[in-house]
Amino acid sequence: MEFFPALTPEHRAFVAKQPVFFVATAAAGTRVNLSPKGMDSFRVLDECTVAYLDVAGSGNETNAHLLADGRITIMFCAFDNPALIFRIYGRGRPVLPQDDEWAALAANFTLLPGTRQIFVVAVDQVQTSCGWGVPYMAFERTRETLNKYHEKHDDQARFAKYAVRTTSIDGLPVRNPTVPA
């Protein structure tokens with residue numbers, strides 16, 4: 001295991017090749033939330049800042065946890081050679097479409113149907129470890145189910161759903177996108 005204060009060019013190259021990553025957050029008195037992510041939604045903005053595009057799904061725990069606590073861990077793991085686990089430890093925050101910095105930040109992504117927010121993470125430290133216990137697996141294809149779901153529902157239905165989902169599963173407040181003016 002080795003720690004680094006920022007992402008190196010080698011780390012950035014590794015991250016760019018990974019089709020899946022995992023996000024973990026928690027706040028005092030809440031459950032730990034751990035979510036898999038894909039959909040080409042992760043970007044390294046610079047050696048100390050990363051971000052990922054969040055598409056609406058079953059909940060909004062990351063938003064609630066980051067508003068309450070800010071701590072976030074992102075993990076990538078190689079399912080091929082060389083074996084590697086790569087963790088990013090940092091402090092995150094949600095940026096929503098109504099926020100002033102949205103347009104500049106969103107320019108780093110291809111916005112997907114159902115895009116809800118972008119999480120920006122200020123990197124505190126990154127860590128590499130062996131990954132020798134991770135199985136070999138092959139990437140087959142991207143799952144299109146979430147995109148197809150959101151393509152069937154217009155913005156009015158999506159924003160109506162946001163309006164009633166105002167807390168996390170543990171009762172913490174979430175900040176949702178608002179209807180564009």
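Trainee: Which residues do ring pairs link into a cluster?

Mentor: Phe 21, Phe 42, Tyr 52, Phe 76 and Phe 119. Rings of Phe, Tyr and Trp (its six-membered ring) pair if their centres lie within 6.5 Å; planes under 30 degrees apart count as stacked, over 60 as edge-to-face and the rest as tilted. One caution: this is a predicted model, where local features need pLDDT of at least 70, side-chain atom pairs count only at pLDDT 80 or more, and totals for chains, interfaces and linings use all residues. Residues are numbered from 1 along each chain as its sequence is written, and side-chain values use heavy atoms, with hydrogens and water left out.

Trainee: How many aromatic pairs does a search of the whole structure find?

Mentor: Seven. One of them is Phe 42 with Phe 76, edge-to-face, at 4.9 Å centre to centre and 80 degrees between the planes. Phe 42 sits in strand E4 (residues 42-46) and Phe 76 in strand E6 (residues 71-77), so this pair ties together parts 34 residues apart in sequence. Helices (H or I, at least four residues) and strands (E, at least two) are DSSP runs, numbered from the N terminus.

Trainee: Phe 42 and Phe 76: buried or exposed?

Mentor: Both are buried. Buried means under 20% relative accessible area, exposed over 50%, partly exposed in between (1.4 Å probe, protein chains only).

Trainee: Switching to helix H1. Which of its residues are buried?

Mentor: In H1 (residues 9-17), His 11, Phe 14 and Val 15. Down the axis of H1 they fall within an arc of 100 degrees, so they line one face of the helix. That arc is taken from the directions from the helix axis to the C-beta atoms.

Trainee: What does the face turned away carry?

Mentor: The exposed residues Pro 9, Glu 10, Ala 16 and Lys 17.

Trainee: Now strand E2. Which residues form its covered face?

Mentor: In E2 (residues 21-25), Phe 21, Val 23 and Thr 25. Phe 22 and Ala 24 make the uncovered face. In a regular strand the side chains alternate between the two faces of the sheet.

Trainee: Which strand do five bridges join to E2?

Mentor: Strand E3 (residues 33-37), running antiparallel. Two strands pair if DSSP finds at least two bridges between them. Thr 25 stands opposite Asn 33 in E3. E2 also pairs with E6, antiparallel, over four bridges. There, Val 23 stands opposite Ile 74.

Trainee: Last one. Where is Gly 92 found?

Mentor: In strand E7 (residues 85-95). Gly 92 counts as buried, at 9% relative accessibility.
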